[in-house]
Amino acid sequence: LANGNTTGVTFNVTTQLAAGEALDFVINRGADGNNSYDSTAFDPTITFSSTTTTSTTPPPTTGTAAVTLSWNRNTESDLSYYRVYYGTSSRNYSNSVGVGTTTSTTISNLISGTIYYFTLTAVDTSGNESARSVEVAISR
């Protein structure tokens, strides 16, 4: 975006993806275009994949799904781990999981047919957490 002033502005991207499709995005919070003003900048890419199994449990569960997320590595030397936040309401994440320093993870036991919202942060060795990545919505 080149609107002249993006400080404190939140941009949400919501899309539905089918299995095998990918959504790529870049976060560039540096005013000069190369992130030099942001020591926590990283460029996550979230990729969707899904598996569905038939469930014999009563509604509302019609099956379970899994989503695999992957992103580009944070290059800071003091990275401790990444944290993935997710839930069924935009910007209201009822779940989070620390995933170490790996650049992908699979979130399982999701209700098939439900829209889930995902975002990612990087946490350094002092416990400082970066701003959340762009939110991605995924539904099967």
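This is a predicted model: local features need pLDDT of at least 70, side-chain atom pairs count only at pLDDT 80 or more; totals for chains, interfaces and linings use all residues.
Local features need pLDDT of at least 70 and side-chain atom pairs count only at pLDDT 80 or more, while totals for chains, interfaces and linings use all residues. Residues are numbered from 1 along each chain as its sequence is written, and side-chain values use heavy atoms, with hydrogens and water left out.

Let's start with the sheet. Strand 8 (residues 116-124) runs antiparallel to strand 9 over three bridges, and tyrosine 116 stands opposite isoleucine 138 of strand 9.

On to the rings: there are four aromatic pairs in the structure, a pair being rings of Phe, Tyr or Trp (its six-membered ring) with centres within 6.5 Å, called stacked for planes under 30 degrees apart, edge-to-face over 60 and tilted for the rest. Tryptophan 71 and tyrosine 82 have ring centres 5.3 Å apart and planes at 70°, so this pair is edge-to-face. Both residues are buried, meaning under 20% relative accessible area (1.4 Å probe, protein chains only). Tyrosine 116 and phenylalanine 118 have centres 6.5 Å apart and planes at 40°, so their pair is tilted; both are buried too. Ring pairs also tie Tyr86, Tyr116 and Phe118 into a cluster.

Note on methods. Two strands pair if DSSP finds at least two bridges between them. Helices (H or I, at least four residues) and strands (E, at least two) are DSSP runs, numbered from the N terminus. Buried means under 20% relative accessible area, exposed over 50%, partly exposed in between (1.4 Å probe, protein chains only).
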